[in-house]
Amino acid sequence: RKMTPMILVALMLASIFASIDFAELEETMVIEEAGARTGADAETIAITSPKETSCTMNGCRNQLKVGEVTTFAAFIKNSGDAAIEEMGYTVTVYLDDGNGNAGMVAKTLQGDDLSWTNGNVVCDDALACPIASLAAGAILNGGKTTLQYMGADIQWTPIAGNHIVEVVVDALDDTDPGNDIQQITVSVIDWV
């Protein structure tokens, strides 16, 4: 005797439904975007000094003058959900490679690298660090921070050319090192 196609379809559906665990389908699962990234997360949000040079057909804005001393400032935030207990930062000035990318580290007139590392920004030693910890969601110093090296503001006396300024934060147990770095292009011209 022949089975009708309708009976075959019904048998096939019955066998499929028999293998499904319906309790598993009703189970609620919580999916978090950053579920694997809980903890402290230092982030360089923006470099505010020197200002980034932007150029259009009408000219360039925010160019520096040769020899005009400038300092470095940035917004640094703890974007994580736990306090940062140890943190520092590095400021580096690179020569522009001609394509808008960082080339070699720029040098002072004395031949020293234009790179400064301050590893004592946040730590539990009150004599070494000005801040004991940076709470989750907090911005370093509550806003823009002038970056320092050995207790003094970092200063740069620029020479003519295009440069890349980079600020990198380094925190203990940082959960997302991908947001630690910011770079801007700075053009330095001789207006004389």
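Author: We start with burial: a residue is called buried under 20% relative accessible area, exposed over 50%, and partly exposed in between, with a 1.4 Å probe and only protein chains considered. This is a predicted model, in which local features need pLDDT of at least 70 and side-chain atom pairs count only at pLDDT 80 or more, while totals for chains, interfaces and linings use all residues. Residues are numbered from 1 along each chain as its sequence is written, and side-chain values use heavy atoms, with hydrogens and water left out.

Reader: Is D41 buried or exposed, and why?

Author: D41 is buried, because its relative accessibility is 7%. Helices (H or I, at least four residues) and strands (E, at least two) are DSSP runs, numbered from the N terminus, and D41 lies in the loop between helix 2 (22–26) and strand 1 (42–49).

Reader: Which residues does D41 touch?

Author: Contact means heavy atoms within 4.5 Å; leaving aside residues up to four places away in sequence, D41 touches K77, N78, S79, G80, I84, D174, T175, D176 and N179. A polar contact is a pair of N or O atoms within 3.5 Å, where within protein one must be able to donate a hydrogen and the other to accept it, and residues adjacent in sequence count only if both atoms are side-chain atoms. The side chains of D41 and N179 make such a polar contact, at 3.1 Å.

Reader: How many bridges join strand 7 to strand 14, and how do the two run?

Author: Two strands pair if DSSP finds at least two bridges between them. Strand 7 (residues 87–96) and strand 14 (residues 161–171) run antiparallel and are joined by nine bridges, with V168 in strand 14 as the bridge partner of T90. Strand 14 is also joined by eight bridges to strand 15 (residues 181–189), again antiparallel, and there E166 stands opposite Q183.

Reader: Which side chains meet in a salt bridge?

Author: A salt bridge is a side-chain nitrogen of Lys or Arg within 4 Å of a carboxyl oxygen of Asp or Glu. The structure holds one, in which the side chains of K107 and D113 meet at 2.4 Å, N to O. K107 counts as partly exposed because its relative accessible area is 43%, and D113 is partly exposed at 41%.

Reader: What does the protein come to as a whole, in helices and strands?

Author: The protein has two helices and 15 strands, and 30% of its 192 residues count as buried.
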